[in-house]
Amino acid sequence: MKKILFTLLLHATACMWHGFFGKHFMKYTLSLLALAVLLFSCKDNGNNNNDNMVYGAPKATVTKEPFSKEVIKGPLAFAPAVPAIPDADTVDIKMDATHKLYEVSRGVFYKAWTFGDSVPGPVIRVRVGQTVRFSMTDRSNDTLHNVSMQMNGQPLPNMQHSIDFHAGMVNPEDKYRSIFPGETIHFEWTANYPGVFMYHCATPSVLVHMANGMIGMVIVEPKDGYPTKVDREYAIVQNEYYMKKQGDVYVLDTAAAKLKQPTYVTFNGKAGQYVPRPLKAKAGERIRMYVMNVGPNNPTNFHVIGTILDKVWLDGNPKNELVGMQSVYLGPASSAIVEFVIPENGTYPFVDHSFANAEMGASGAISTE
Ligand code: CU
Ligand code: CU
């Protein structure tokens, strides 16, 4: 858009010089002014049209240093919360790979592999043009930190891990490579496109690492922010667990994962957690949800009962706009920003409208009570 306007502006300038001493002088001057106003008031809300893309980044480095006290650092939040965007060109973020017993449903403790001790991992939120300077330590052998795993009476596995940011445009062989327990990888990437992007561990078997919990969401806001104003924002990550019992706890059932037959399907890592504790809203409010289906295998059909998705931005990019949707269909590694109004007081369940998934835990509620 800006390019077209700029061309017109140049054209008008040329015309003006042509007609400088002629009778059309005023006409050309006025059109030139109008175009200039249009050009400088035009916001490119979202995409960069390849003008300011940052491709690639310096080579990743791998270091060995003592385990730090914190497993995360930087402007992060745990879904459904979304963090604020720091006002800086570069954002420093650290999320360590850990092994944790994670309560997926009441009394169901799963031997999860995590980013930052959480399934899903923390929500990262940046703006187009910002550079994320990222680091991650593989703490799978950290005997002090991973206490819950040791209490289960088994030695800690020495497991390689990695991280792959769908929001980045960098050489995956370099940045997304696996590191060994005790190692720390450092690399950076710059946010080129606005959207809601997945991150995940990319160490083979990728299915195993994702199904074990190494998944999460990155929100990249357009440079000038979103075109709408909302009263509340929530992050929803949908994932599947495939489980079998081992002693008192649950572990991955790889065969079930390959058959795509989940035990639980959850919003933000815990089955049905927002049914007894609904997300808050008020009547008349406009709500924005960042919905990311991390799979690893199955699609979702996200639906809010009692209202209509007023705006849906596929993959979270405002240029991919749909309106008046009853649900949005998202395959694995697909996302959307959905906005809707709470029409009156009440409790509005949100579900994966593939109801087998809803019954396996992909069901929650947003309520004015
Ligand atoms: Cu991993
Ligand atoms: Cu991926």
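Visitor: Is Arg 286 buried or exposed?

Guide: First, the ground rules. This is a predicted model, in which local features need pLDDT of at least 70, side-chain atom pairs count only at pLDDT 80 or more, and totals for chains, interfaces and linings use all residues. Residues are numbered from 1 along each chain as its sequence is written, chains are lettered from A and ligands numbered from 1 in the order in which they are written, and side-chain values use heavy atoms, with hydrogens and water left out. Now the idea: buried means under 20% relative accessible area, exposed over 50%, and partly exposed in between (1.4 Å probe, protein chains only). Arg 286 has a relative accessible area of 16%, so Arg 286 is buried.

Visitor: With which residue does Arg 286 form a salt bridge?

Guide: A salt bridge is a side-chain nitrogen of Lys or Arg within 4 Å of a carboxyl oxygen of Asp or Glu. Arg 286 forms one with Asp 310, and their closest N and O atoms are 2.5 Å apart. Arg 286 is in strand 18 (residues 286-295) and Asp 310 in strand 20 (residues 309-314), 24 residues apart. Strands (E, at least two residues) and helices (H or I, at least four) are DSSP runs, numbered from the N terminus. Asp 310 counts as partly exposed because its relative accessibility is 31%.

Visitor: Which residues are linked in a network of salt bridges?

Guide: The network includes Arg 286, Arg 288, Asp 310 and Glu 339. Arg 288 and Glu 339 form a salt bridge, with 2.7 Å between the closest N and O atoms. Arg 288 lies in strand 18 and Glu 339 in strand 23 (residues 334-341), so the pair ties together parts that are 51 residues apart in sequence. Both Arg 288 and Glu 339 are buried. The structure holds 15 salt bridges.

Visitor: Which residues coordinate the copper ion (ligand 1)?

Guide: For a metal, look for its donors: N, O and S atoms within 2.8 Å of the metal (3.2 Å for Na, K and Ca); water is not among the atoms, so sites may look incomplete. Here the donors are His 161 (ND1), Cys 201 (SG), His 209 (ND1) and Met 214 (SD), at 2.0 to 2.5 Å. Cys 201 counts as buried because its relative accessibility is 0%, and Met 214 is buried at 0% too.

Visitor: What are the angles among the four donor atoms of the copper ion (ligand 1)?

Guide: Four donors count as tetrahedral if all angles lie between 85 and 135 degrees; four count as square planar and six as octahedral if opposite donors are over 155 degrees apart and all others between 65 and 115; anything else is irregular. The angles at this copper ion (ligand 1) are 86 to 136 degrees, and the site is irregular.

Visitor: Which residues coordinate the copper ion (ligand 2)?

Guide: His 166 (NE2) and His 200 (NE2) do, at 2.0 to 2.1 Å. His 166 is in the loop between strand 9 (164-165) and helix 4 (172-175), and His 200 in strand 11, 34 residues apart. His 166 is partly exposed because its relative accessibility is 31%, whereas His 200 is buried at 8%.

Visitor: In what order do the five strands of the open sheet stand?

Guide: Two strands pair if DSSP finds at least two bridges between them. The order is 1-10-8-4-2, with mixed pairing. Strand 1 and strand 2 (72-73) stand at the edges with a single partner strand each, so one side of each is left without a neighbour in the sheet. Strand 1 runs antiparallel to strand 10 (residues 183-190), and four bridges join them.
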